[in-house]
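The sequence and the structure come first.

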Amino acid sequence: MSNDKNKSEEQEENEIEELDEETLFVVSQTFKALSDPTRIRLLHLLCEREMSVNQIADTLELRQSTVSHQLRFLKNLRLVKYRRAGTTLFYSHDDKHVIDLLQQTINHALHH
């Protein structure tokens, strides 16, 4: 019986798919995005509500150019999105999976 169990475990291990290069790149870029304190603060803020660049800059006490640069990085990874209202862009988070990961990581850090 234990021999059959070992065989099924081996089969399961062999069935695990290798990650393709594109997936590996996206995952590493996502973790890169979450490795920067400014981007963590920005994403955490956007979990609560959408905000303009000026609102984000004022709330986080950052320069507008810094916020714009970080938002561009996050937008390219599809972690934030925006909507236009007149001449103002309002940003919000765009990937609930990453926000959940961020929240879990924050909860983990607060737990220690």
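## Order of elements

Read from the N terminus, the elements of the chain follow the order α-α-α-β-α-α-β-β-α. That gives six helices and three strands in the secondary structure. The model is predicted.

## Chain totals

The chain has 112 residues, and 25% of them are buried.

Among contacts with a separation of 6 or more, 51% join residues 24 or more positions apart.

## Nonpolar core

In soluble globular proteins, nonpolar side chains tend to be buried together. In this chain, the largest nonpolar core holds 21 residues. Leu42, Leu46, Ile56, Leu71 and Leu74 have the most contacts inside that core. Helix H3 (37–48), helix H4 (53–60), helix H5 (64–76) and helix H6 (96–111) are the elements that each give two or more residues to the core.

Apart from neighbours within four places in sequence, Leu74 is in contact with Ala33, Arg39, Leu42, Leu43, Leu79 and Val80.

## Strand pairing

Strand S2 (residues 80–85) pairs with strand S3 (residues 88–93) in the antiparallel sense, over six bridges. Within this pairing, Arg83 stands opposite Phe90 in S3.

The two strands, S2 and S3, form a hairpin with two residues between them. Gly86 lies in the turn and has a positive phi of about 70°.

Conventions
Residues numbered from 1 in each chain as written. Predicted model: local features only at pLDDT ≥ 70, side-chain atom pairs only at ≥ 80, totals over all residues. Heavy atoms only, no water. Core = buried A, V, L, I, M, F, W, Y, C linked by side-chain atoms within 4.5 Å. Buried < 20%, exposed > 50% of the residue type's maximum accessible area, 1.4 Å probe, protein only. Helix = DSSP H or I, 4+ residues; strand = E, 2+ residues; numbered from the N terminus. Contact = heavy atoms within 4.5 Å. Pairing = 2+ DSSP bridges.
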